[in-house]
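Subject: Model for you to look at

Dear colleague,

Please find the structure below. My notes on one of its sheets follow it.

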Amino acid sequence: MGQEFLSLYRLKTKRLLWLTGITVAAIVVFHYFEFPNGYSILSYGFHADKIPKSESGRFQVADLPSDSEIINNVTNLNQANYTDEHSLEKVNRNRTYKEKDSTPRSGFVSEQGMVSNKSSGLDESDEKYLVDGFRISDNESAAEKAGNFGSRSYNNTSGVNFTGEVDVPYESEHKLVAPTYLTPPISPSTEVRPNITPPVLSNDPNKTDSMIDERIRPSRDDATILSKNSSANIVPKDNKDSDTPVPEVTSISEMNELLLQNHASYHSMRPRWSSAVDQELLQARSEIENAPIVENDENLYAPLYRNVSMFKRSYELMEKTLKVYVYREGAKPIMHSPYLLGIYASEGWFMRLIEVDKRFVTRDPKKAHLFYLPFSSRMLEETLYVQNSHSHRNLVQYLDNYVDMIAGKHPFWNRTGGADHFLVACHDWAPTETKHRMAKCIRALCNADVKEGFVLSKDVSLPETYVRNAQKPTRDVGGKPVSKRKTLAFFAGGMHGYLRPILLQHWENKDPDMKIFGTLPRSKGNKNYIQYMKSSKYCICAKGYEVNSPRVVEAIFYECVPVIISDNFVPPFFEVLNWESFAVIILEKDIPNLKSILLSIPERRYLQMQLRVKKVQQHFLWHRSPVKYDIFHMILHSIWYNRVFTARTR
């Protein structure tokens, strides 16, 4: 009995020991195999600073971080959570300052409605962008960019753009090297070697300066954002929930206030040494501000002007006093090569007329109130732009080199820092190409965008005039009498930019009173387009890729009341003309209400505006030999006027 009990006891003891061993082994295995790197559950615990990751529903524990890693981890998490909102905005904004400036836009494809035998449409510019510089590429959505930017920004805790190109606004993404022929010539005999043959002038009335140019074109799928209060917004693809802000709109009344404020407060650089011309400018300003009251002038219809008395006195003083020095340096075809046809003709006609002028031009630079930089922004693009390069940095460099050469050869640039120098440029790239080295100059620009560096009271809004016949630029001027203008509103043109598709979406084939079309079929001499303008009450001047459009001047040319739909656009000769007296200016967001807005204008008011359009027409006509108050003199006057009100003495 005792032996049997002892055997049973030993068996139980062995089982207990085995059970204990198995339990201990299980605990050891659990501790060392379930948790990485041998950390015990007792020693590791649930560390307060360690945040577990979730992957496919499985709970995992990451490595224990160092103090520096903990800090970086917090930064990374904040960036990751922030990417879809403000982080996307910041990174895209930095990147886009470079891309917007470097994206090429063709200047030679004409748009239907003003067609040629060479091309299918009048192109006001080619650039793929979103408002406020927010750009989406063809193959990458905004959401995808957000993910990419977020992942790339982890090591960028300093706030610097990860591209490293914040200070290189003109360089393309591909770091293309500028051609070696960019240094401007020292003498007029030196010739710039163009990379393509410039087009030949034609006097054929059915031909324009247009050339087929398939450079970078915005895709219709690359939708854009309008103003934040717009009722007709287009949302970027795959980014409908984006909080990316859009630029605010500066209304025409706000521009009026800015103009008055700048006239009172904006001053150019104080001259480094005195000159008699400074006193002459100050004397002119005093006489303009104290101009005698004009009660009746047969050539000037008072309601068209902000102050007809000041305008008349300023114009008289310009005729009496102004002297312009035209630099002779620079090689053709970029310098001294006026091109007289097409949508960029304004800069060419001004260059041609000023260089042969004997009334205002002086050969003695010491007597000059203004200095003209005789380059063509159109020929600059045509000659030096490298197709498909996505960059016009070399164009900017050419102009910078030209200014350096002028400043090194003559003392006049350095006296005022370029404030008494001016340029006349109609190509859409001109604001970007001239905003650095020529920033202090008076810039007469067709692309007059108050949100893109255009300075009211210093810069001049240059009329974009579409010239079809260089021998007779006023051919077909005028339109039908009011009684025969049966169409309420007319527009036709290519789908350039974000605004025109919205216009057509709301009004194309929607109402018999609203003749709103895309590209019109070709016709000899563009008769369809011209006849629509001549027989419509209102002509819609919708912006293209940029704020400017030749339709503004065309409407006046054909005596049709212009309806400007282009937020932040400064109308031509804004410093002297009262545009609200003869044009309708509509915010982009109000396109859905376009017809009701036009119908709300009383008939008496329409007749008044149409009469004023006919009277203001004289200021927008080119003549082979300039006449008083024509567009040549108006451009020169606006430059003179702004110089008078910004000049300072030593």
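Strand S12 (residues 536–542) and strand S13 (residues 561–565) run parallel and are joined by five bridges. Strands here are DSSP runs of E with at least two residues, helices are runs of H or I with at least four, and both are numbered from the N terminus. Two strands count as paired if DSSP finds at least two bridges between them. Along this pairing, Cys541 has Ile564 of S13 as its bridge partner, and Ala542 has Ile565 of S13.

Some background before the rest. This is a predicted model, in which local features need pLDDT of at least 70 and side-chain atom pairs count only at pLDDT 80 or more, while totals for chains, interfaces and linings use all residues. Residues are numbered from 1 along each chain as its sequence is written, and side-chain values use heavy atoms, with hydrogens and water left out. The mean pLDDT (the predictor's confidence in each residue, from 0 to 100) is 75 for the protein, and 65% of its residues reach 70 or more. Over residues 33–246 pLDDT stays under 50, and the model has 418 contacts (heavy atoms within 4.5 Å) beyond four places in sequence for that stretch.

The sheet is open and has five strands in the order S11-S10-S12-S13-S14, with parallel pairing. Strand S11 (514–516) and strand S14 (584–585) are the edge strands, each pairing on one side only. Helix H14 (residues 527–534) packs on the sheet and touches strand S10 (487–491), S11 and S12. The direction of H14 makes about 120 degrees with that of S12; axes are lines fitted to C-alpha atoms, for helices over the stretch in contact, and angles run from 0 to 180 degrees between N-to-C directions.

S10 is joined to S12 by three bridges, again in parallel, and Phe490 stands opposite Cys539 in S12. S10 also pairs with S11 in the parallel sense, over three bridges; there the bridge partner of Phe491 is Ile516 in S11.

As for burial (under 20% relative accessible area is buried, over 50% exposed, partly exposed in between, with a 1.4 Å probe and protein chains only), six of the seven residues of S12 are buried, so S12 is largely enclosed by the rest of the structure. S10 is mostly covered, with five of its five residues buried.

- S12, helix H15 (residues 551–557) and S13
- S10, helix H13 (residues 499–507) and S11

Right-handed means that, with the strands pointing away from the viewer, the path from the first strand over the helix to the second runs clockwise.

Regards
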